[in-house]
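User: I would like to learn how to read pockets, cores and contacts in a model. Can we take them one at a time?
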Amino acid sequence: MFKKLKKFFYLYILRRKYYRTGQCNACGRCCKKIYVKHKGVIQTEEEFKRLQRLHPFYTYLKVIGKDETGLVFECTNLDPKTHLCKIHKNRPGICRRYPQEELFLMGGTLAEHCGYKLEPIESFEDVFKKVSKKKTKQISKNSI
């Protein structure tokens, strides 16, 4: 019963498609090679400077490169020796909620050996059954 309630809550109230499971293994990979999305992936340093003025969190990031997707960032609060966050207890909400399913929706993936997993709330088979039922109903309706 609890499992069905949880599934309903995630799917229809939060409108999520994945459960986050696992835990952080403190590798620090999620703090490197970051893309920033704000009305699209940030492409220029001017655009990034405007964003930094709007959102204080972005002042923690530094540009480390650019590729075909956009600017690539790294968090300055990551200790290069220990791979731990220097402000862990006071880290921003975006870091506390990592990973979010938007990562997958943007085409991203979790870092190799990340302790977290994003698992589908509904299995492929469940989604396929729902879609098949809808199609069958539409065909039946159109036949009449």
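User: Which residues lie nearest the centre of the largest pocket?

Analyst: A pocket is an open set of points on a 1 Å grid over the protein atoms alone, with protein on both sides within 12 Å along at least five of seven lines; a 1.4 Å probe fits at the points, and lining residues have an atom within 4 Å of a point. Here 48 residues line the largest pocket, and Cys30, Cys31, Ile34, Tyr98 and Leu103 lie nearest its centre. This is a predicted model, where local features need pLDDT of at least 70, side-chain atom pairs count only at pLDDT 80 or more, and totals for chains, interfaces and linings use all residues. Residues are numbered from 1 along each chain as its sequence is written, and side-chain values use heavy atoms, with hydrogens and water left out.

User: What volume does the largest pocket have, and how does its lining divide?

Analyst: A volume is the space filled by probe spheres set on the grid points, which are joined across faces, edges and corners. For the largest pocket that gives about 1,400 Å³. Its lining holds 29 nonpolar, 11 polar and eight charged residues. Ala, Val, Leu, Ile, Met, Phe, Trp, Tyr, Cys and Pro count as nonpolar, Asp, Glu, Lys and Arg as charged, and the others, Gly among them, as polar. Helices α3 (93-96) and α4 (102-105) each supply at least two lining residues. Helices (H or I, at least four residues) and strands (E, at least two) are DSSP runs, numbered from the N terminus.

User: Which strand gives the most to the lining of the second largest pocket?

Analyst: Strand β1 (residues 18-22) does, with three residues. The second largest pocket has a volume of about 250 Å³. Its lining includes Tyr10, Arg16, Tyr18 and Pro99.

User: What makes up the largest nonpolar core?

Analyst: A nonpolar core is a set of buried Ala, Val, Leu, Ile, Met, Phe, Trp, Tyr and Cys residues joined through side-chain atoms within 4.5 Å. Buried means under 20% relative accessible area, exposed over 50%, and partly exposed in between (1.4 Å probe, protein chains only). The largest core has 10 residues, among them Val36, Leu51, Phe57 and Phe73. Its largest share, three residues, comes from β3.

User: Where does Phe57 lie, and what does it touch?

Analyst: Phe57 lies in the loop between α2 and β2. It counts as buried because its relative accessible area is 17%. Contact means heavy atoms within 4.5 Å. Not counting residues up to four places away in sequence, Phe57 touches Pro92, Ile94 and Cys95. The C-alpha atoms of Phe57 and Pro92 are separated by 6.8 Å, though the two are 35 residues apart along the chain.

User: How many salt bridges does a search of the whole structure find?

Analyst: Side chains of opposite charge can pair when their charged atoms come close. The criterion is a side-chain nitrogen of Lys or Arg within 4 Å of a carboxyl oxygen of Asp or Glu. The search finds one salt bridge. Lys62 and Glu74 form it, at 3.9 Å from N to O. Lys62 sits in strand β2 (residues 61-66) and Glu74 in strand β3, 12 residues apart. Lys62 is partly exposed at 41% relative accessibility, and Glu74 is partly exposed at 22%.
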